[in-house]
Amino acid sequence: MNPQGIEFRDATKRYAGRAEAALDGLTLEVRPGEVCVLVGPSGAGKTTALKLVNRLVELDAGDVLVGGRSVREADVTALRRGIGYVIQQAGLFPHLDVAANVATVPRLLGWPRARTRARVAELLDLVGLDPATYGRLYPAQLSGGQRQRVGLARALAADPGVLLMDEPFGALDPITRTRLQEEFLALQREVRKTVVFVTHDVDEAVMLADRIGVLREGGVLAQYATPDELLAAPADGFVARFLGADRGLKRLALRRLGDVELEPASLLADGDPRLPAATSLRDAVSAMLADGRDRCGVAENGALRGSLSLDRVVEVLGRDGAR
Amino acid sequence: MNGPVIPEFGRGSDCVRDRELFCADWVADNWRGVLLPRLVEHVELTLVAVAVGFVIAFAAALAAHRVPRLETPFALIAAFLYTIPSLALFQLLVPITGLTVATVQIALVGYTLLILFRNVLTGLRSAPADALEAARGMGLTRRQTLLRVELPLALPALLAGVRIAVVTTVSLATVAAFVLPRGLGQPIFDALREFFTTKLIAAGLLAVLLAVAADALLVLLGRALTPWTRARRAA
């Protein structure tokens with residue numbers, strides 16, 4: 001299915017018995033095929049916002065549109081079956097094997113068996129699990145990372161236009177988390193879903209997002225911008241503090257050596273580090289500092305393409321920030 | 001002239017005439033005529049009691065799962081029935097329902113309710129919160145969640161309850177002979193009156209074997225129905 005846009009229009013939610021709103025007049029648009037990551041401290045309404053989309057939480061005021069249609073008017077069961085949903089603990093059914101878990105929504109939709117079976121195999125392949133090996137295993141037999149992969153495959157099973165991911169990698173160890181984040185990016189390039197992703201991890205948001213929405217306590221949107229814009233120009237002190245003192249370095253992590261306009265390789269001196277073009281500027285600066293040099297060489301396919309100085313790095317960030 | 005009244009033991013062996021502790025030949029002679037029919041009756045009493053008890057307890061547990069307020073009153077009623085001494089309950093019921101199977105069954109069913117209600121309800125509540133959240137998020141209706149998620153996950157606790165109920169009922173059903181000449185309780189009562197230990201031991205042993213066999217059968221059934229409970233991560 002083609003990705004559908006999501007639009008929050010002054011969306012508001014209050015829980016009974018609490019003075020402060022959980023989400024207060026959220027207005028933002030997620031374009032079709034984009035990854036919108038919602039970040040913020042706990043109690044800022046990230047998960048509430050996400051659950052408004054599939055109506056696990058009902059709106060008090062305002063509206064949420066999926067593919068141009070208000071969720072208020074949609075049949076709630078049909079709406080949910082058309083939206084992929086991934087949660088932190090994966091939420092796999094313990095009594096069903098991996099294949100049956102992935103087949104949940106196709107079965108609800110009454111797909112023919114053969115089509116469901118083929119789709120399950122395709123999806124397990126897509127998330128990097130061999131269907132022949134993993135299809136017959138029960139969730140209890142999987143590692144945390146494998147469970148999360150199955151959860152993602154299950155969410156994608158009926159080819160939804162929209163994917164909601166509520167801290168999907170939050171419970172994983174750092175190595176597994178990084179690997180799943182990278183795989184998610186690769187997968188997203190392939191399947192192109194509109195994604196709303198909730199996390200409290202700024203690095204994860206910067207890595208995965210096309211746009212980041214920063215929410216503050218009381219469910220107010222503090223800023224909605226691309227990762228680069230956000231890191232270069234936080235809207236206020238709260239956003240700057242939330243992004244962390246190393247937001248300059250986080251910005252460097254967004255760029256690769258191959259992305260910047262390089263200086264001639266002839267400027268290189270003996271002892272300057274030589275780095276592959278896929279290295280992030282952050283890692284390049286770190287390598288220069290480690291070697292005590294102010295310039296590095298950039299190599300691609302074994303050939304030297306040019307060089308980059310620390311001054312040039314500062315220039316690049318300054319120019320982009322002023323944009 | 002009238003000597004002591006000697007009971008008629010028919011073509012009894014020396015062992016039977018001498019009232020020895022256990023006479024295997026009596027068991028062999030009376031297997032078809034006495035023991036087997038009583039055993040079949042006993043199985044019948046147990047099956048009907050557990051089946052009826054299960055239907056009532058299951059319905060009550062479903063209701064309490066849906067409306068949590070109902071749990072306490074249901075549990076209190078079941079606990080009250082459970083605490084009445086069985087002989088007293090039979091005595092109480094006889095004036096109302098007479099010396100009938102109904103009297104026996106009402107009592108037996110009453111004793112299964114507490115354990116079955118508790119276990120079914122515990123089972124229904126054992127579905128992990130994240131699985132239920134995912135089920136809602138994927139668009140399963142309440143009914144589909146119950147049938148496809150909660151009920152299968154309730155099976156281990158439910159079957160554990162049925163095992164206890166069956167074993168308890170097999171043992172309790174022997175007391176039913178107090179009301180009705182049925183089941184393995186009858187030869188036991190006879191044996192007590194006749195001071196005939198062979199009958200007592202044979203019938204008692206059959207009751208024990210029946211309980212053990214039923215329990216083993218239910219364990220096998222549980223294994224077949226809940227394969228996921230034995231699935232563990234390879235080391």
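This is a predicted model: local features need pLDDT of at least 70, side-chain atom pairs count only at pLDDT 80 or more; totals for chains, interfaces and linings use all residues.
Biologist: What radius of gyration does chain A have, and what does the globule rule give for 323 residues?
Modeller: Chain A is built from 14 helices and 13 strands. The globule rule gives 20 Å for 323 residues, and the value for chain A is close to that, so the chain is as compact as a globular protein of that length. The radius of gyration of chain A is 22 Å.

Biologist: Of the contacts in chain A between residues at least 6 apart in sequence, what percentage join residues at least 24 apart?
Modeller: The C-alpha atoms of chain A fill a box of roughly 65 × 50 × 30 Å along the principal axes, and 41% of its 323 residues count as buried. Among the contacts between residues at least 6 apart in sequence, the share that joins residues at least 24 apart is 66%.

Biologist: How many residues of helix α7(A) are buried?
Modeller: Helix α7 of chain A covers residues 144–156, and at 1.5 Å a residue its 13 residues should span 18 Å, which agrees with the 19 Å between its end C-alpha atoms. The helix is mostly covered, and its buried residues include Arg147(A), Val150(A), Leu152(A) and Leu156(A). These buried residues pack against strands β6 (83–87) and β7 (162–166) of chain A, and against helices α3 (98–102), α4 (104–108), α5 (113–126) and α8 (174–191) of that chain. Of the 13 residues of α7(A), the number buried is 12.

Biologist: Which element gives the most to the side of domain 1 of chain A that touches domain 2 of chain A?
Modeller: Chain A is divided into domain 1 (1–82 + 162–245), domain 2 (91–159) and domain 3 (255–322), and the centres of domain 1 and domain 2 are separated by 25 Å over C-alpha atoms. Their contact takes 12 residues from domain 1 and 12 residues from domain 2. On the side of domain 1, the residues comprise 9 nonpolar, 1 polar and 2 charged, and the largest share, 5 residues, comes from α8(A).

Biologist: Which element gives the most to the side of chain B that touches chain A?
Modeller: Here 19 residues of chain B are in contact with 20 residues of chain A, and the elements of chain B that give two or more residues are α6 (129–137) and α7 (142–172). The residues on this side of chain B divide into 11 nonpolar, 3 polar and 5 charged. The element that gives the most, with 6 residues, is α6(B).

Definitions and conventions. Residues are numbered from 1 along each chain as its sequence is written. Chains are lettered from A and ligands numbered from 1 in the order in which they are written. Helices (H or I, at least four residues) and strands (E, at least two) are DSSP runs, numbered from the N terminus. The radius of gyration is taken over C-alpha atoms; the globule rule is 2.2 Å times the number of residues to the power 0.38. A residue is buried if 20 or more other C-beta atoms lie within 10 Å of its own, exposed if 12 or fewer, and partly exposed in between; C-beta atoms are placed from the backbone. Two residues are in contact if their C-beta atoms, placed from the backbone, lie within 7 Å. The expected span of a helix is 1.5 Å times one less than its number of residues. Ala, Val, Leu, Ile, Met, Phe, Trp, Tyr, Cys and Pro count as nonpolar, Asp, Glu, Lys and Arg as charged, and the others, Gly among them, as polar. Domain bounds come from an automatic or database domain assignment.
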